[in-house]
Each structure stands twice: as structure tokens, then as C-alpha cells.
Amino acid sequence: MSMPKDKRAQIYRERVKALQPKSKASGMCVRAFFVGGLICCIGQLIRDFGEKALKLTGNDLSTFTCVVLIFLGALTTGLGIYDRIAKFAGAGTSVPITGFANSMTAPAMEYKKEGFISGLGTRLFSIAGPVLTYGVAGSVIVGLLSLIFH
Amino acid sequence: MKYVIVFLVGGAICVIGQLLICYTRMTTARILVAFVLAGIVLTALGVYEPLIGFANAGASVPLTGFGYTLAKGAIDGARQNGVLGAITGGLEASSGGVAAAIFFAVSGALAFSPKTKK
């Protein structure tokens, strides 16, 4: 340990750099692309089913698609499947609406042991809370602006 | 052909999210908020509706599509009911999704327990 301080710092930095995970941005993007695209295709399948088999139209059709996708997202989260895919696909699983369902179900399940109010009830909204807050506030602003500029 | 466009557009929107995660180290909560807000702004500018017409579920399934539902509901509500419609329209249009998300998340959390992490 008689090395000069800056020399030791340099060796330390090199070791850290060698052990750091290589940033695999391109690989992650390819996987996000395929899994995200696939989830959207599943959404389209559900939509086509609602349109042809259930004769739904307009807003009902969109709501039906959304509800089924959210159900699938919550179910696969409960079964532990969704988080396994998420580890592989990153934003490919968190950006679709199924990821929104996952972001509510996973923490609610995780923290239910801390009670039904401050555990499950609060944690359910740890990510959905900000999304709904800014989403709803933003929609009201756009609605009011459309009154002025229409 | 329709499914190819759905796949390409849906995948591309997810790649934008992945690039934000990789290069700005934004957290998931920030990404999701940013996507919903982006959907709202693009809808207000009249850009997102044509994209939905072009890509169907490729544009409506990503969270920007949730922003689209909120903004379009508020704009339609404002057109029909003025100020009250502007306030109620967004949640009215997205109420099915929001209620389903809460209901299925609570059901899922009660029915299942977290799998042990390896």
C-alpha cells in the first residue's frame, strides 16, 4: 500500500469500469421493439374480436380492448410471468397499457403484508398515482383550451 | 398488412421509451407520466388522432394512447357541455380503463402473492 494516491485511484477506476455492466442499449431496444410490437398486435386481435364477434363500435370497442389488456396484465403479473418478460423486454412491457396494470398490481401484491390501507391501497397508486394526476389534470387543461381556441 | 403496421408503430413507440431509459436514466414512473402527457399534447395538436387511424392498436395500446383517450374525451366533452364537459370528459372517456385497472389490480394483489426473487 505504498502506491501514490492518484495511482491507486486510477487502478480503482479501471477495476470499477471492468466490472460495470456493459450498456446494452441496442440489444434492449431490439427486444423492446419486438415485445412492445407484439403486445400491440395482441391488442389489435382483441379489438378485432370485439368488433367482429361482439359487434362493438366506437368508444365501447376501445374500452373493451383496454379492459381485456388490463385484465391480462394484472393476471400475468399475479402469476409472476409479466415481471419475467419485463426483465427481458424493458420498455417493451412498461409502455403498453399492460405495463400500467403491472405497475399497479405488482406493488399492491408486494406490500399487502403491510396492511390493506397503507400497504395495498396506497402502494397500488405508487406509479399509477402520478400518471392519473398529471393525465387527468392535463385533460382538463386541454378541454378548457379547446373551448378558447375552437 | 394491418398487423404489420400495428407491430411496427407499437414497437417504435416502445423503443422511444427504451431510449429514454437507457440514455436519460429516467425512472419508470417518469417515463409513464411523460408518455401520457405526450399523448395528451399530441392529441391537442391534432397529430395523434391520424396516427390512431393509421396504426390502430399500435398507437392506442401504448400509454400515449391513454393520453389520447383522456384528451379526446375532454375536447369532445367541452364541445358538447362547455366547461363542465371539459372537466368531466377526460375521466368519462377513460373511466372503463381506470376502473378496470383498479379492480383487477386489487383482485390480483389479493389472489396472488409475490414470487420469491432469485
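Before the first stop, one definition: an axis here is a line fitted to C-alpha atoms, for helices over the stretch in contact, and an angle runs from 0 to 180 degrees between N-to-C directions. Helices (H or I, at least four residues) and strands (E, at least two) are DSSP runs, numbered from the N terminus. This is a predicted model, in which local features need pLDDT of at least 70 and side-chain atom pairs count only at pLDDT 80 or more, while totals for chains, interfaces and linings use all residues. Residues are numbered from 1 along each chain as its sequence is written, and chains are lettered from A, ligands numbered from 1, in the order in which they are written.

**Stop 1: a helix pair in chain A**

Select residues 25-52 and 58-78 of chain A. These are helix 2 and helix 3 of chain A, which pack at an angle of about 130 degrees with their axes 9 Å apart. That angle makes helix 2 of chain A oblique to helix 3 of chain A (under 35 degrees counts as roughly parallel, over 145 as roughly antiparallel, 65 to 115 as roughly perpendicular and the rest as oblique). Now show side chains: from helix 2 of chain A, Gly43(A), Ile46(A), Arg47(A), Gly50(A) and Glu51(A) meet Leu61(A), Phe64(A), Thr65(A), Val68(A) and Leu69(A) of helix 3 of chain A. Being in contact requires C-beta atoms, placed from the backbone, within 7 Å.

**Stop 2: the loop between them**

Pick Lys55(A), in the loop between helix 2 and helix 3 of chain A. Its phi is near 55 degrees, a positive value in a residue other than glycine. Is Lys55(A) buried or exposed? Lys55(A) counts as exposed, because it has 9 C-beta neighbours inside 10 Å. (Buried takes 20 or more other C-beta atoms within 10 Å of the residue's own, exposed 12 or fewer, and partly exposed lies in between; C-beta atoms are placed from the backbone.)

**Stop 3: over to chain B**

Colour chain B on its own. Chain B has 5 helices and 0 strands, and 53% of its 118 residues count as buried. Its C-alpha atoms fill a box of roughly 55 × 35 × 30 Å along the principal axes. Next, zoom in on Asn56(B), in the loop between helix 3 (48-55) and helix 4 of chain B. Asn56(B) has a positive phi of about 50 degrees although it is not a glycine, and Asn56(B) is buried, with 23 other C-beta atoms within 10 Å.

**Stop 4: where the chains meet**

Show both chains. Here 65 residues of chain B are in contact with 65 residues of chain A. Helix 5 of chain B gives the most to the side of chain B that touches chain A, with 31 residues.

Finally, select helix 6 (residues 97-110) of chain A with helix 5 of chain B: their axes come within 7 Å and cross at roughly 50 degrees. The two helices are therefore oblique to each other. Look for Phe100(A) and Met104(A) among the contact residues of helix 6 of chain A, and for Phe66(B) and Phe104(B) among those of helix 5 of chain B.

Colour by pLDDT, the predictor's confidence in each residue, from 0 to 100. Chain B averages 94, and 97% of its residues score at least 70. For the complex, the predictor gives an ipTM of 0.94 and a pTM of 0.88.

Key: Contact = placed C-beta atoms within 7 Å.
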